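This report covers disulfides, strand pairing and nonpolar cores. Please keep the sequence and the 3D view open while reading.

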Amino acid sequence: MNMITVPRLAQVPLCVNSCWFVGSVTQDTRCVRQRQDKPPDRKWSPLPVHVSPPGPCTCPSGSTLLKEHVPKDQYDELVERRAKELHQHKARTTSVLSRLLFALPNSPLQYPIQGFKVLPLTKTLIPGLAVHSGERSIYKVSLTVSIGLLTTEFPADRVKVQGHGESRLVMESFSLVMLNDLLSKVSYTSTVYHVHTGDLAFFQFEDHEAVFPITIKQTNLPVLYDMGTDISSQVTITTKTFLRYAQLKILLSSIRHFYSNIKVIIADDSFEPEHITGENTEQYIMPPAQGWFAGRNLAVSQVTTKYLLWVDDDFVFTEETKIEKLVEVMEALPELDVLGGTVQRNQFYFSLIYEEGDEMEGGCLHRKSQGKFNPLPGYPGCFMASGVVNFFLARTHSIQSVGFDPKLKRVAHSEFFMDGLGSLLVATCNHVSVGHQPKTGKDKDPRSLRQIRRPGNEDSKFKLQLHFFKNYLKCVKYG
């Protein structure tokens with residue numbers, strides 16, 4: 001939220017019967033004069049006249065300072081590029097709708113305070129505009145906007161209108177009834193095409209002023225999935241494999257034991273791919289060793305059902321792997337995007353605690369293992385979290401909207417949920433479980449392949465550098 005600084009309270013006249021706001025874009029803080037015929041009421045607390053931007057965040061004890069993992073000879077240039085990208089990010093994601101508005105008491109102005117939304121470049125009636133006032137010899141109101149035009153019907157003889165079809169509309173009448181009738185017919189038309197932005201309308205009568213938001217938004221087309229009649233038309237199972245065909249075949253066999261017709265999509269970046277056959281099984285061959293997240297992206301991109309179930313290639317379905325039970329929860333709670341289960345009845349999840357920090361250093365992030373939030377009503381053993389284990393049911397559209405960063409090849413899991421923080425609503429449940437294949441001597445990879453599969457220090461260092469730039473973080477703690 002962008003804020004501006006105004007003089008201290010002692011230097012600013014107190015405002016009553018008006019609306020305060022603190023914001024940016026026009027860099028303007030408006031205050032109407034205090035009515036001289038009414039003494040100030042000192043019983044209420046004064047409104048803040050300055051809201052500070054976020055200050056430096058505090059790194060939790062044990063955090064990794066990310067700048068220490070950036071090469072010193074690249075640091076200054078990297079920080080400059082990072083600041084430029086943050087500025088562009090904020091330009092894309094903030095608008096006047098982020099401003100902080102205050103409605104002061106005893107105002108005679110009636111206006112919409114929430115929910116007034118217009119299509120871009122489309123004339124829309126402003127609902128609820130009116131003045132509630134005692135008798136006056138004349139009534140005069142004004143409306144002012146920034147990126148739109150205001151219109152009303154042509155007035156009767158006893159009403160005077162100025163600024164019809166302009167950004168400032170002034171209406172004056174001897175009759176309050178006629179004035180309110182004209183206010184009920186005021187329309188707003190944005191003059192700038194934007195898919196999601198906003199405007200602020202300033203509504204004034206005598207010494208009273210109110211500010212209300214106008215959301216300018218292009219309506220999204222719904223993206224709907226036909227659920228069909230059975231689990232096979234509702235869920236696709238997705239996995240990524242690399243050099244583990246023995247385990248993959250056990251997984252597939254166990255899936256077919258319980259779900260004979262469900263589609264399974266496999267992303268495979270092995271050096272020498274082995275052809276996997278079977279009905280309703282799709283294997284997508286990638287260039288060798290492209291990595292964990294690139295494979296996830298490929299597999300997820302081919303899903304056409306409403307939900308996908310992500311599994312590792314060394315899992316095994318059991319009597320407790322009831323996909324239908326996960327679907328039941330997701331259907332009952334359509335706000336959810338991701339629902340995790342358990343692996344061998346072990347319920348792994350974590351919370352992400354993020355403090356934005358300032359623009360100089362960046363934010364602080366703490367991943368708390370086994371951190372959780374509120375329970376899901378009606379579903380014992382289910383509760384909200386920020387991230388879950390690699391066994392989860394998810395809405396296909398939600399996962400595709402966030403995506404998996406292909407830069408992360410071998411050190412990656414929490415990073416997907418970090419990128420989805422604030423976008424994905426995640427929960428975990430303990431009533432659906434998948435098994436994990438036991439390790440055997442035959443499972444051991446040759447040393448050369450083990451070095452590819454298992455990350456080294458360079459992979460971990462690269463991930464920290466990525467967090468520094470991409471997520472604008474100062475520090476991160478994995479706990």
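Two strands pair if DSSP finds at least two bridges between them. Helices (H or I, at least four residues) and strands (E, at least two) are DSSP runs, numbered from the N terminus. This is a predicted model, in which local features need pLDDT of at least 70, side-chain atom pairs count only at pLDDT 80 or more, and totals for chains, interfaces and linings use all residues. Residues are numbered from 1 along each chain as its sequence is written, and side-chain values use heavy atoms, with hydrogens and water left out.

**Strand β22 and its partners**

Start with β22, residues 362-369. Five bridges join β22 to strand β27 (residues 473-478), and these two run parallel. Histidine 366 has lysine 477 of β27 as its bridge partner. Strand β21 (residues 349-358) also pairs with β22, through seven bridges, and this pair is antiparallel. Here serine 351 is bridged to lysine 368 of β22.

Is β22 enclosed or open? Six of its eight residues are buried, so the strand is largely enclosed by the rest of the structure. Buried means under 20% relative accessible area, exposed over 50%, and partly exposed in between (1.4 Å probe, protein chains only).

**Disulfides**

How many disulfides does a search of the whole structure find? The search finds three. A disulfide is a pair of cysteine sulfur atoms within 2.5 Å.

| Pair | S to S | Torsion about S-S | Hand |
|---|---|---|---|
| Cysteine 57 and cysteine 364 | 2.0 Å | about 80 degrees | right-handed |
| Cysteine 59 and cysteine 475 | 2.1 Å | -110 degrees | left-handed |
| Cysteine 382 and cysteine 429 | 2.0 Å | 120 degrees | right-handed |

Take the disulfide of cysteine 57 and cysteine 364. Cysteine 57 sits in the loop between β1 (19-22) and β2 (64-65) and cysteine 364 in β22, so the pair ties together parts that are 307 residues apart in sequence. Cysteine 57 is buried at 4% relative accessible area. Cysteine 364 is buried at 3%.

Now the disulfide of cysteine 59 and cysteine 475. It runs from the loop between β1 and β2, which holds cysteine 59, to strand β27, which holds cysteine 475, across 416 residues. Cysteine 59 is partly exposed, at 24%. Cysteine 475 is buried, at 0%.

Cysteine 382 is buried at 1%, and cysteine 429 is buried at 1%.

**Serine 386**

Serine 386 lies in the loop between β23 and β24 (387-388). Its relative accessibility is 8%, so serine 386 counts as buried. The side chain of serine 386 reaches the backbone nitrogen of leucine 352 at 2.9 Å. Beyond neighbours within four places in sequence, the contacts of serine 386 (heavy atoms within 4.5 Å) include Phe350, Ser351, Leu352 and Phe373.

**Nonpolar cores**

A nonpolar core is a set of buried Ala, Val, Leu, Ile, Met, Phe, Trp, Tyr and Cys residues joined through side-chain atoms within 4.5 Å. The largest has 39 residues, and Leu309, Phe317, Ile323 and Phe391 have the most contacts inside it. Elements that each supply at least two residues of this core include α3 (245-258), α5 (323-332), β23 (382-385) and β26 (426-436). Another core, of 35 residues, lies apart from that one and includes Ala299, Leu308, Ala394 and Ala412.

Key: A polar contact is a pair of N or O atoms within 3.5 Å; within protein, one must be able to donate a hydrogen and the other to accept it, and residues adjacent in sequence count only if both atoms are side-chain atoms.
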